[in-house]
Amino acid sequence: MTEARHRKWHKFQTKDELSVAMAKYTAHLSEKFCKEKGIFTVVLSGGGLIDWLCKLLEPPYIDSIEWSKWHVFWVDERVCAYEDPNSNYKLAMDGFLSKVGIPNKNIYAIDKHYAADGNAEHCAALYEECLRNLVRQDIIPLCPNGKYPQFDLQLLGMGPDGHMASLFPGHPQINVKDKWVTHITDSPKLPPRRITFTLPVINSALYNLMAVCDDNTEQCARSIADIFKHNNLALPAAHLTAQVETMWYLDKAAASLL
């Protein structure tokens, strides 16, 4: 393990090694929080993440994790119908959530009707309202500063351009501090309409695990080097931190310039 400023990182030779490590990390925190407070709040993203979580569907994790205590959220979502192949909800349900015993009421997707209509602004407002209701119900605590919700673990990915969630370089959403959830209608990565947690919410999580794998481009390696060597804050992922630990899992291509 290597540490650069506040970032810890591991390099893995294969996707399988990364998946094994991600399962171990997630299962450890699940056990910790289920024991300490009786629930585990987990935030998912899109991209290859669901594929990389596949080891959680195998022994020993599939039978030992207290799935009924999980509460699942999305750090960002494409504003489209649940059945749309672009939907992060569909990706997670088909590849992971439908195969474990998480109660449906503990899975918090964006509003189905406004998503199908493509109304990103309403989807963002309603998702923030959902989070605020869960804070009132003591499902999600507030960060000690009292301003933002605090999740136990967020599982994130980074694009070759250095974006994370739906916070993109050169776009104003990275600067939003007065909302928990914001929206974008001109995403440089299709589809253009999305909702996303704001940066203060992302960084209020106790643990943030950023995985960069299967994106074997020179641009991705350059972005990683720019973040770790130069802390280039023009790249949204360079802003990532957490209240307890910020961990980066990199495949050998992503870490090739470190």
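This report describes the ring pairs, charge contacts and salt bridges of one predicted protein model.

Because the model is predicted, local features are given only where pLDDT is at least 70, side-chain atom pairs count only at pLDDT 80 or more, and totals for chains, interfaces and linings use all residues. Residues are numbered from 1 along each chain as its sequence is written, and side-chain values use heavy atoms, with hydrogens and water left out.

**The annotated domain**

The UniProt record, an unreviewed entry, places the feature "domain: Glucosamine/galactosamine-6-phosphate isomerase" at residues 14-248; such positions are given in the numbering used here, feature names are shortened, and annotations may be inferred rather than shown by experiment. Over residues 14-248 the chain is 34% helix and 15% strand, with the end C-alpha atoms 15 Å apart. Helices (H or I, at least four residues) and strands (E, at least two) are DSSP runs, numbered from the N terminus.

**Aromatic pairs**

Rings of Phe, Tyr and Trp (its six-membered ring) pair if their centres lie within 6.5 Å, and planes under 30 degrees apart count as stacked, over 60 as edge-to-face and the rest as tilted. By this rule the count comes to 16 aromatic pairs. One of them joins W70 and F96, whose ring centres are 6.4 Å apart and whose planes stand at 55°, so the pair is tilted. W70 belongs to strand β4 (residues 70-74), while F96 sits in the loop between α4 (88-95) and α5 (112-117), so the pair ties together parts that are 26 residues apart in sequence. Both W70 and F96 are buried, where buried means under 20% relative accessible area, exposed over 50%, and partly exposed in between (1.4 Å probe, protein chains only).

Y82 and Y89 form another tilted aromatic pair, with 4.5 Å from centre to centre and 40° between the planes. Y82 counts as buried because its relative accessible area is 18%, and Y89 counts as buried because its relative accessibility is 19%. Ring pairs also link F33, F40, W67, W70, F96 and Y207 into a cluster.

**Charges over rings**

A charge sits over a ring if NZ of Lys or CZ of Arg is within 6 Å of the ring centre and within 35 degrees of the ring normal. R7 lies over the face of F228, at 5.6 Å from the ring centre, and R132 lies over the face of W180, at 3.8 Å from the ring centre.

**Salt bridges**

The structure holds twelve salt bridges, each being a side-chain nitrogen of Lys or Arg within 4 Å of a carboxyl oxygen of Asp or Glu. The table lists some of them, including the bridge between K37 and D152.

| Salt bridge | Closest N and O atoms |
|---|---|
| K37 and D152 | 2.7 Å |
| K55 and E58 | 4.0 Å |
| E128 and R132 | 3.0 Å |

K37 lies in helix α1 (residues 15-37) and D152 in the loop between α6 (120-136) and β6 (153-157), so this pair ties together parts that are 115 residues apart in sequence. K37 is partly exposed, at 38% relative accessibility, whereas D152 is buried, at 1%.

E128 and R132 are both in helix α6, four residues apart, which is about one turn of the helix. E128 is buried at 11% relative accessibility, whereas R132 is partly exposed, with a relative accessible area of 32%. Elsewhere, salt bridges that share partners join D16, K55 and E58 into one network.
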